[in-house]
Amino acid sequence: MSATLVTDVSVTSRPITESPLTERRWVRRGELLEAARRVFERDGYHAATVSSIVQLAGLSQGAFYLYFVDKKAVFAALQEEMATLLRRRIYWATRDESDPARRLTAGLTAYFEFYDEYRNWMRRLTFEGLGIDETFEARQVQLYETLAGGFAPTLGELGVRAPAVSAAALIGMASQVAYWKHYQSQGGPPMTATTLAQACASLFLHGAASIPISSPPEGDTNA
Amino acid sequence: MPEAKEVFSEIENRIKSKPEKAAGLNATYQFDLTGESWTLKIADGAATVSPGAAQSPNTTLIASTDDWMNIATGKLNPVQAFTQQRLKVKGDMGLAMKLQRLLQ
């Protein structure tokens, strides 16, 4: 995997020179970010308000504007923060795996585990982030390109032709499969992140007929 | 789960791979984990990681080894860790923020 290691905490929304950065200020900013994520997950981007964010954080409206210009700014900060978290998780899950097939499954498993943990955020991001404005779309595209760039060498090692476009397709497939698991699938045996990853890897490399039988049959979905 | 040494080695390599991003930054960071400390020195684009505490760190990051490793490997949200006081930062917060940008 060539995914880059990222160990930042998050992006800054305002130049830190505007006022002294103290631990308390950093904590406040973190509390606002966490509250904002929960509000966006619950209400969606368009229905979320600064008032609802500060209410959940237990802070004043004025406190919000010390750290973020507006709702878009806090959403953008979250978008970058969550992207960093996902990239980091996949990087470390695959970094020391020398076998490309196992590396592929490990990377996909990390993706599905992340989706499990942050499913509501991922759902909002997928379906609303792209519709806000081009800056949000650009960040999302950058994330997808980074993830695809991380998977492409592994696909190349596995003999996949045109690994770049194949990796882009793999990421798209994983995103759709994760959404299907959490928001469309009804019934069928429970699928863990590892099971999903194995099914995706098998489907991608060997075709649908190769998916292990532990996966739910087609008739169990409403997709 | 990798060992702390691997994570710090990765940080060192990460900075070395893009020295232009660290140009002009001179700082000593100390990481206080459970029963162990690590020091990261950055001077004009060069980074050096070594085990043990620094003599006079500009910034000290404090966390349990488990929490730090989970943060470093993407399994623990650092914002949550910070607001829950599982990750603490002492000293120059501006330098802490520069480090996180550097490693982005």
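1. Accessible areas here come from the Shrake-Rupley method with a 1.4 Å probe. On that basis, chain B exposes about 4,600 Å², and carbon and sulfur atoms supply 45% of this area. The structure under review is a predicted model, and the points below should be read accordingly.

2. Secondary structure of chain B. Four helices and five strands make up the elements of chain B. Their order along the sequence is α-β-β-β-β-α-α-β-α.

3. Overall dimensions of chain B. Taken along the principal axes, the box filled by the C-alpha atoms of chain B is roughly 35 × 25 × 25 Å.

4. Burial and contacts in chain B. Of the 104 residues in chain B, 54% count as buried. Where contacts in chain B join residues at least 6 apart in sequence, 61% of them link residues at least 24 apart.

5. Charge in chain B. The chain carries 12 positive and 11 negative side chains. The centres of these two sets lie 6 Å apart.

6. Confidence in chain A. The mean pLDDT of chain A is 84, with 85% of its residues at 70 or more. Among the elements of chain A, helix α2 (residues 50-57) has the highest mean pLDDT, 97, whereas helix α6 (residues 119-127) has the lowest, 86.

7. Where pLDDT is low, the predicted coordinates should not be read in detail.

8. A residue in helix α2 of chain A. The helix with the highest mean pLDDT among the elements of chain A contains A:S52. Is A:S52 buried or exposed? Its relative accessibility is 14%, and because buried means under 20%, A:S52 counts as buried.

9. Surroundings of A:S52. Leaving aside residues up to four places away in sequence, A:S52 touches A:V39, A:R42 and A:D43.

Key
Residues numbered from 1 in each chain as written. Chains lettered and ligands numbered in written order. Predicted model: local features only at pLDDT ≥ 70, side-chain atom pairs only at ≥ 80, totals over all residues. Heavy atoms only, no water. Helix = DSSP H or I, 4+ residues; strand = E, 2+ residues; numbered from the N terminus. Buried < 20%, exposed > 50% of the residue type's maximum accessible area, 1.4 Å probe, protein only. Contact = heavy atoms within 4.5 Å. Lys, Arg positive; Asp, Glu negative; His and termini not counted. Charge placed at Lys NZ, Arg CZ, Asp CG, Glu CD. pLDDT = per-residue confidence, 0-100.
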